Amino acid sequence: MEGYTINNLKMNTIPEIANRLASLCNELKFVDAYAELFSEHAVSIDPIYNNEPLKGLANLVEREKQFLASAEIHAFKVSEAIFAGNYFSVVISMDFTRNGQERKMMEELCVYKVEYGKIISQQFFIG
């Protein structure tokens with residue numbers, strides 16, 4: 001399925017968005033992924049932050065920059081996506097060390113919702 005157009009704006013399909021997200025994240029370009037693929041009004045729910053919804057692209061980017069400034073990522077991998085309606089999901093595996101902490105390996109199930117060619121929400125489940 002090819003991208004579509006609304007009000008003369010080219011929209012990406014959900015598989016295109018999922019593939020681009022995986023590509024950027026596997027290159028450790030997390031801030032670029034937010035800037036390119038997320039809605040200005042995106043919401044993030046993350047158990048690391050007590051599942052308190054964080055709203056707005058600027059806030060998501062700022063929190064990502066803070067994480068990246070406090071961590072060294074040794075390895076990062078995004079699985080193939082699975083799709084259901086306006087949602088896609090991937091498993092992210094990350095080997096990292098946060099400042100002053102021990103190195104650890106973490107796996108997250110990440111669920112994304114897409115509307116009008118942009119990710120509008122993400123929720124993480126840590127295994």
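Reader: Where is Y116 found?

Author: Y116 is found in the loop between β8 and β9. Helices (H or I, at least four residues) and strands (E, at least two) are DSSP runs, numbered from the N terminus. Strand β8 covers residues 104-115 and β9 covers 118-126. Y116 has a positive phi of about 50°, although it is not a glycine.

Reader: What should I know about the model before going on?

Author: This is a predicted model, where local features need pLDDT of at least 70, side-chain atom pairs count only at pLDDT 80 or more, and totals for chains, interfaces and linings use all residues. Residues are numbered from 1 along each chain as its sequence is written, and side-chain values use heavy atoms, with hydrogens and water left out.

Reader: Is Y116 buried or exposed?

Author: Start with the cut-offs. Buried means under 20% relative accessible area, exposed means over 50%, and partly exposed is in between (1.4 Å probe, protein chains only). Y116 has 57% relative accessibility, so it counts as exposed.

Reader: What does N51 touch?

Author: Contact means heavy atoms within 4.5 Å. Not counting residues up to four places away in sequence, N51 touches I45 and D46. Now consider a separation between C-alpha atoms. N51 and Q123 are 72 residues apart along the chain, and their C-alpha atoms are separated by 8.6 Å.

Reader: Where does C110 lie, and what is it in contact with?

Author: C110 lies in strand β8. It counts as buried because its relative accessibility is 0%. Leaving aside neighbours within four places in sequence, C110 is in contact with F88, S89, V90, I92, Q123 and F124.

Reader: How do I read a nonpolar core?

Author: A nonpolar core is a set of buried Ala, Val, Leu, Ile, Met, Phe, Trp, Tyr and Cys residues joined through side-chain atoms within 4.5 Å. The largest one here has 32 residues. Its members L21, F38, F76, F88, Y112 and I119 touch the most other members.

Reader: Which elements supply at least two residues of this core?

Author: They are α1 (14-26), α2 (30-37), β3 (38-45), α3, β5 (71-78), β7, β8 and β9. Helix α1 gives the most, with seven residues. Now take F88. Beyond four places in sequence, F88 touches residues including I14, I17, A18 and L21. Among its other contacts are C110, Y112 and I119.

Reader: What about charged side chains?

Author: Side chains of opposite charge can pair when their charged atoms come close. A salt bridge is a side-chain nitrogen of Lys or Arg within 4 Å of a carboxyl oxygen of Asp or Glu. By this rule the count comes to four salt bridges. One of them joins E36 and R20, with the closest N and O atoms 2.7 Å apart. E36 lies in helix α2 and R20 in helix α1, so the pair ties together parts that are 16 residues apart in sequence.

Reader: How exposed are the partners?

Author: E36 counts as partly exposed because its relative accessibility is 36%. R20 is also partly exposed, at 35%. Another salt bridge links R103 and D95 (2.6 Å, N to O). R103 is exposed, with a relative accessible area of 52%. D95 counts as buried, at 16% relative accessibility. K29 and E27 also form a salt bridge, their closest N and O atoms being 3.1 Å apart.

Reader: Which side chain of opposite charge is nearest to E64?

Author: Lys and Arg count as positive and Asp and Glu as negative; His and the chain ends are not counted. The nearest such side chain is R63, 6.7 Å away. E64 is buried yet has no salt bridge. It lies in helix α3 (residues 57-69). Leaving aside neighbours within four places in sequence, E64 is in contact with F30, V31 and Y34.
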